[in-house]
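Work through the exercises below with the sequence and the structure at hand. Each task is followed by its solution in steps.

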Amino acid sequence: MDLGKSAGVRDVLNLAAQYKAAAIKLGEAPPSLNHLPQRLLALHAIELYLDALLQAKGLDEETVRSFQHDLGERARIALAAGLVLRNRTLAHLAALSSNTEYLIVRYAPELSPTLSQVNRVMATLEEISRKVPKMVKSAKVKQLHRH
């Protein structure tokens, strides 16, 4: 992917899937501090899946980038665009943002005991990774039928 060119929705989905696979693989290792890198990979995958959906729904990359790492805002807009998530997942996405989990994982690992359970992060990732690609594909089919 060339940094000078915008990434297509399919590219973003593929990258999200790669981060998800890496997070799952890391979770298979013996527990130690691997929960921090696993969580970072999972959070980034969630962000990428939501970014792909927002772009597929017509938001420009600059607007999407302006959300920084706010998964709650991304989820709010994705819901308005038709994404259906379980209430528990919605609450978790909001908590991830309000607790600034991404920033804690990256810059303040000493605060990791305050983070949500890594299995909850992986469950959120699993739900989003199942639903977003289907919704993106559906959005593309609708666009094709309009032309």
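**Exercise 1: the faces of a helix**

On the face of α1 turned away from its buried side sit the exposed residues Arg10, Gln18 and Lys25. Here exposed means over 50% relative accessible area, buried under 20% and partly exposed in between (1.4 Å probe, protein chains only). Helices (H or I, at least four residues) and strands (E, at least two) are DSSP runs, numbered from the N terminus. This is a predicted model, in which local features need pLDDT of at least 70 and side-chain atom pairs count only at pLDDT 80 or more, while totals for chains, interfaces and linings use all residues. Residues are numbered from 1 along each chain as its sequence is written, and side-chain values use heavy atoms, with hydrogens and water left out.

Task: list the buried residues of α1 and state how they are arranged about its axis.

Solution. 
1. The buried residues of α1 are Val9, Val12, Leu13, Ala16, Lys20 and Ala23.
2. Viewed down the axis of α1, these buried residues fall within an arc of 100°, so they line one face of the helix. The arc is that of the directions from the helix axis to the C-beta atoms.
3. For its length, α1 has 19 residues and reaches 27 Å from its first C-alpha to its last, close to the 27 Å expected at 1.5 Å a residue. The expected span is 1.5 Å times one less than the number of residues.

**Exercise 2: positive phi**

Task: locate Gln68 and Thr100, and give the phi and exposure of each residue.

Solution. 
1. Gln68 is in the loop between α3 (61-66) and α4 (71-80). Its phi is positive, about 50°, although Gln68 is not a glycine.
2. Gln68 is exposed, at a relative accessible area of 59%.
3. Thr100 is in the loop between α5 and α6 (101-107). Phi of Thr100 is near 45°, a positive value in a residue other than glycine.
4. Thr100 is partly exposed, at a relative accessible area of 36%.
5. As background, most residues other than glycine have a negative phi.

**Exercise 3: confidence**

Solution. 
1. pLDDT is the predictor's confidence in each residue, from 0 to 100. The chain averages 87, and 88% of the residues score at least 70.
2. Over residues 1-5 the pLDDT is below 50. Where pLDDT is low, the predicted coordinates should not be read in detail.

Methods
Contact means heavy atoms within 4.5 Å.
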